[in-house]
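Please find below a colleague's note on the structure shown here. The points are numbered and may be read in order.

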Amino acid sequence: MSSAPDDPGSPLEELAALVADGVAEVAAVKRLDQLGELGGRLLGKRSRLSSIRAGLRDVSADERAELGAALHEARGRLEQAVEDRRRELARAETADRLARESLDLTEELGRGRIGHAHVITQTWERLEDVFVGMGFTVATGPEVETDWFNFEALNLPPSHPARSLWDTLYLRTDGLEGVDDEQLLLRTHTSPVQVRTMLRAVREGWGPPIHVVCPGRVYRRDTADATHLPVFHQIEMLVVDRHVTMADLAGTIEEFTKAYFGADLTSRLRPSYFPFTEPSAEVDISQPDGSWLEVGGCGMVHPNVLGACGLDPEEWSGFAFGFGIDRLAKIRHGIGDLREFVSNDVRFLEQL
Ligand code: DAH
């Protein structure tokens with residue numbers, strides 16, 4: 001058995017020192033590649049451990065049993081130390097790599113930029129609040145509609161010329177059993193929610209009277225320009241009761257105008273045409289500079305619409321209006337071009 005340069009004492013003492021030093025060295029290693037190297041040096045063929053093992057054949061049988069057991073234990077402890085350290089370093093390296101590769105998503109917050117609801121969402125919610133404050137409830141309907149809800153029940157039969165007023169986006173339905181092409185579409189207005197609400201009220205037996213507002217997204221085959229977007233938003237109002245009149249409609253619109261825009265603004269109705277109302281009117285709202293701005297349409301619900309929804313027009317009457325939410329936001333915030341709403345320019349969005 002070869003001896004170490006500074007007298008290592010008995011082989012058992014030397015083994016104890018080898019383990020103590022080895023464990024300390026392993027604990028001090030900082031990188032996985034260095035640990036591999038050290039492991040080889042402590043446990044490999046040319047390690048001191050191996051040469052002590054090779055010396056076993058030169059010792060007496062008694063000593064051999066004792067030394068053999070000590071060797072076995074020493075190897076075990078060193079292997080365990082290397083394995084434990086390997087795990088620690090691997091975990092630390094993974095954590096380190098994740099930390100380096102992660103994006104700091106709080107960076108923007110740190111600079112004081114906090115997100116908020118889009119101006120259209122804010123307008124939508126404010127409008128809902130105003131109407132709920134006036135005693136209305138909110139009703140919704142699907143964006144993919146059938147021809148019947150979007151047109152036919154609203155007194156627009158297939159041949160009706162007013163259909164060209166709504167540039168409709170139809171959905172291809174090939175493969176959908178029982179549905180023909182030109183029957184499924186993206187709703188062109190929120191008026192089909194009127195129909196759905198009246199039908200539901202009758203079916204479920206809770207109305208009329210009906211007082212609902214129906215906000216939602218609508219679609220038209222339009223190219224985006226300063227005053228049109230192919231996807232935009234409307235809010236529809238519907239009242240059905242006994243003996244309601246055009247004066248109730250005008251009064252409701254005026255009350256809404258003051259609640260939403262302020263007491264100094266006023267509304268007016270101009271005669272117009274919509275297939276689902278008779279009589280019909282355009283709604284204008286006065287501007288601070290004295291001009292008038294058109295915000296939507298309204299009228300007394302047409303008897304054919306009430307009839308399609310299972311209501312007797314001799315007993316019930318109703319009024320309705322539909323406003324463009326985007327247009328209301330445009331007026332309220334003095335925005336020049338509707339496309340600003342969808343261009344995602346932070347400088348624009350931050351102001352509102
Ligand atoms: N649906 C119409 C449109 O999109 C707007 C409208 C007009 C709605 C008159 C109404 C109404 O409820 O009575 O152009």
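1. Threonine 168 has a relative accessibility of 8%, so this residue counts as buried; buried means under 20% relative accessible area, exposed over 50%, and partly exposed in between, with a 1.4 Å probe and protein chains only. Threonine 168 sits in the loop that runs between helix 7 (147-150) and strand 3 (169-170). Helices (H or I, at least four residues) and strands (E, at least two) are DSSP runs numbered from the N terminus. Leaving aside residues up to four places away in sequence, threonine 168 touches Phe151, Leu185, Thr188 and Arg221, where contact means heavy atoms within 4.5 Å.

2. On the basis of the note: this is a predicted model, in which local features need pLDDT of at least 70 and side-chain atom pairs count only at pLDDT 80 or more, while totals for chains, interfaces and linings use all residues. Residues are numbered from 1 along each chain as its sequence is written, and side-chain values use heavy atoms, with hydrogens and water left out.

3. Asparagine 155 also lies in the loop between helix 7 and strand 3. Its phi is near 70 degrees, a positive value in a residue other than glycine. Asparagine 155 is buried, with a relative accessible area of 17%.

4. Histidine 243 likewise has a positive phi, of about 60 degrees, although it is not a glycine. Histidine 243 is placed in the loop between strand 6 (231-241) and helix 9 (246-261). With a relative accessible area of 69%, histidine 243 is exposed.

5. Two cis peptide bonds deserve attention when the backbone is inspected. One joins proline 208 and proline 209, with omega about 5 degrees; proline 209 is in the loop between helix 8 (192-204) and strand 5. Another runs from glutamate 278 to proline 279, with omega near -5 degrees, and proline 279 is found in strand 8.

6. The chain contains 12 helices and 10 strands. Its radius of gyration is 40 Å, well over the 20 Å that the globule rule gives for 352 residues, so the chain is more spread out than a compact globule. That radius is taken over C-alpha atoms, and the rule is 2.2 Å times the number of residues to the power 0.38. The C-alpha trace spans about 120 × 55 × 35 Å along its principal axes.

7. Of the 352 residues in the chain, 40% are buried. Among contacts between residues at least 6 apart in sequence, 63% join residues at least 24 apart. The chain exposes about 19,400 Å², and carbon and sulfur atoms supply 52% of this area; accessible areas come from the Shrake-Rupley method with a 1.4 Å probe, and for residues only the protein chains shown count as cover.

8. Where does histidine 233 lie, and which residues does it touch? Histidine 233 is found in strand 6, and at 12% relative accessibility it counts as buried. Not counting residues up to four places away in sequence, histidine 233 touches Ile120, Trp124, Gly216, Arg217, Val218, Phe323, Gly324, Ile325 and Asp326.

9. In helix 11 (325-333), the residues Ile325, Asp326, Leu328, Ala329 and Ile331 are buried. The buried residues of this helix pack against helix 6 (119-133), strand 5 (210-219), strand 6, helix 9, strand 9 and strand 10. Just after helix 11, glycine 334 takes a positive phi of about 60 degrees.

10. Methionine 134 is located in the loop between helix 6 and strand 1 (137-138). Methionine 134 is partly exposed, with a relative accessible area of 22%, and it touches Thr252, Glu255 and Phe256, not counting residues up to four places away in sequence. Methionine 134 and aspartate 96 are 38 residues apart in sequence and 58 Å apart in space, C-alpha to C-alpha.

11. The largest pocket is lined by 32 residues, of which Arg220, Phe232, Gln234, Gly296 and Gly322 lie nearest its centre. On a 1 Å grid over the protein atoms alone, a pocket is an open set of points where a 1.4 Å probe fits, with protein on both sides within 12 Å along at least five of seven lines, and lining residues have an atom within 4 Å of a point. Strand 9 gives the most to this lining, with 6 residues.
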